[in-house]
Amino acid sequence: MESVPAVEIRDLVKDFKTSFRRAPLRAVDRVSLVIQPGEVYGLIGPNGSGKSTTMKALLGLVAPTSGRCAIFGKDSLKVDSRDDVGFLPENPYFYKHLTGTETLSFYGKLCGLRGRILKDRVAELLELVDLKEARDRRIAGYSKGMLQRIGLAQALVQEPRLVILDEPTAGVDPIGSRQIRDLILKLRDKGITVFLCSHLLEQVQEVCDHVGIIFRGKMVKEGHLEDLIAIEDQTEIVLRDASPELVAEIQALVKRSGRTEWLRSGKPKTTLERLFLRETSGDEP
Ligand SMILES: Nc1ncnc2c1ncn2[C@@H]1O[C@H](COP(=O)(O)OP(=O)(O)OP(=O)(O)O)[C@@H](O)[C@H]1O
């Protein structure tokens with residue numbers, strides 16, 4: 001039996017009214033994507049390309065102009081679609097006077113947790129995001145990386161099956177970014193579906209199974225990461241302990257075939273960064 005997708009976005013269009021223009025601004029233009037349970041999906045695109053708006057429509061925070069979004073089969077416009085979702089917004093806001101423990105307890109209570117269960121969950125999350133040592137410090141003194149990690153812990157408080165992360169590493173240094181990357185991998189190991197958008201293409205390449213490139217509101221490329229970065233007309237052969245004689249022999253065989261060109265030995269792959277730049281360098285349609 002086919003499982004219900006964790007995320008299903010069909011022909012999503014979102015127009016914003018602007019007082020400066022007669023025509024509304026089309027922030028998202030017929031975007032469709034499906035994320036299966038347990039996948040890590042990365043939505044990438046330049047500033048203003050519609051990533052956050054897509055995520056907000058999925059969360060029911062903005063109403064689509066047309067099209068539909070669903071989470072585990074439940075329409076995003078219905079409140080119960082959010083039962084299984086944790087969200088880390090691009091600029092999370094926290095009460096600065098609360099400590100890490102108090103912050104997570106606050107969000108835990110909002111999700112209906114109480115007593116021992118709440119205490120254990122807060123301790124477990126502080127451990128997961130590596131903030132155990134800083135648990136009694138006020139949020140006001142947290143670094144950007146620590147704030148993003150407490151934000152991630154907040155998103156996980158109700159044990160969601162889907163986590164939506166809008167720029168989880170924005171403003172975080174490379175070490176902090178790596179910690180967040182490792183956390184995303186831990187979530188994947190636990191079978192949690194992750195939908196993230198990021199500008200850190202290398203990180204997206206490291207953690208995501210599927211990638212979508214959005215440009216001026218349109219999905220311009222979408223698919224399995226390995227397929228997207230493979231070069232169609234080339235074949236990679238990886239040998240272990242090949243002697244120079246063997247390599248020369250293979251090279252001679254290739255030459256004799258007449259039709260095949262020996263390009264080089266190595267890894268003929270493009271990078272997600274190059275793919276991203278190619279797909280987003282077009283002129284106004
Ligand atoms: N509430 C709004 N009212 C009017 N226009 C909006 C609103 N929210 C977003 N937009 C516009 O919609 C377009 C897409 O914005 P969005 O925030 O979705 O892009 P993004 O890809 O997330 O960008 P960034 O990477 O900078 O966060 C932009 O042109 C933005 O100015």
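## Sheet and hairpin

Strand S1 (residues 7-16) joins strand S4 (residues 66-71) through 5 bridges, and the two run antiparallel. Strands here are DSSP E runs of at least two residues, helices are H or I runs of at least four, and both are numbered from the N terminus. Two strands count as paired if DSSP finds at least two bridges between them. Glu8 has Ala70 as its bridge partner in S4. The model is a predicted one: local features need pLDDT of at least 70, side-chain atom pairs count only at pLDDT 80 or more, and totals for chains, interfaces and linings use all residues. Residue numbers start from 1 along each chain as its sequence is written.

S1 and S4 belong to an open sheet of 4 strands, ordered S2-S1-S4-S5, with antiparallel pairing. S2 and strand S5 (74-75) are the edge strands, each pairing on one side only.

Strand S9 (residues 210-215) pairs with strand S10 (residues 218-224) over 6 bridges, in the antiparallel sense. Ile213 finds its bridge partner, Lys221, in S10. The two strands form a hairpin with 2 residues between them. In that turn, Arg216 has a positive phi of about 50 degrees.

## Ligand shell

The residues around the ligand are Phe16, Leu25, Ala27, Gly45, Asn47, Gly48, Ser49, Gly50, Lys51, Ser52, Thr53 and Glu90. The shell divides into 3 nonpolar, 7 polar and 2 charged residues. Nonpolar covers Ala, Val, Leu, Ile, Met, Phe, Trp, Tyr, Cys and Pro; charged covers Asp, Glu, Lys and Arg; the others, Gly among them, are polar.

Strand S2 (25-35) and helix H1 (51-58) each supply at least two shell residues. H1 gives the most, with 3 residues.

## Chain and core

The chain comes to 9 helices and 10 strands. Its C-alpha atoms fill a box of roughly 75 × 55 × 45 Å along the principal axes. Of its 285 residues, 35% count as buried. Buried means 20 or more other C-beta atoms within 10 Å of the residue's own, exposed 12 or fewer, and partly exposed in between, with C-beta atoms placed from the backbone. Among contacts between residues at least 6 apart in sequence, 68% join residues at least 24 apart. A contact requires C-beta atoms, placed from the backbone, within 7 Å.

The largest nonpolar core has 64 residues. Such a core is a set of buried Ala, Val, Leu, Ile, Met, Phe, Trp, Tyr and Cys residues joined through C-beta atoms within 7 Å. Ala153, Val163, Ile164 and Val194 have the most contacts inside it. Leaving out residues up to four places away in sequence, Ile164 touches Met55, Leu58, Leu59, Val85, Phe87 and Phe195.

Gly100 is found in helix H2 (residues 100-110). Gly100 counts as buried because it has 26 C-beta neighbours inside 10 Å. Beyond residues up to four places away in sequence, Gly100 touches Leu126, Leu131, Ala134, Arg135, Arg137, Ile139 and Ile150. Its C-alpha atom is separated by 38 Å from that of Ser32, 68 residues apart along the chain.

Helix H8 (residues 244-257) has 14 residues. From first C-alpha to last, H8 reaches 20 Å, close to the 20 Å expected at 1.5 Å a residue. The expected span is 1.5 Å times one less than the number of residues. The number of buried residues in H8 is 0, so the helix lies largely in the open. Just after H8, Gly258 takes a positive phi of about 80 degrees.

Terms used. Near = placed C-beta within 6 Å. Contact = placed C-beta atoms within 7 Å.
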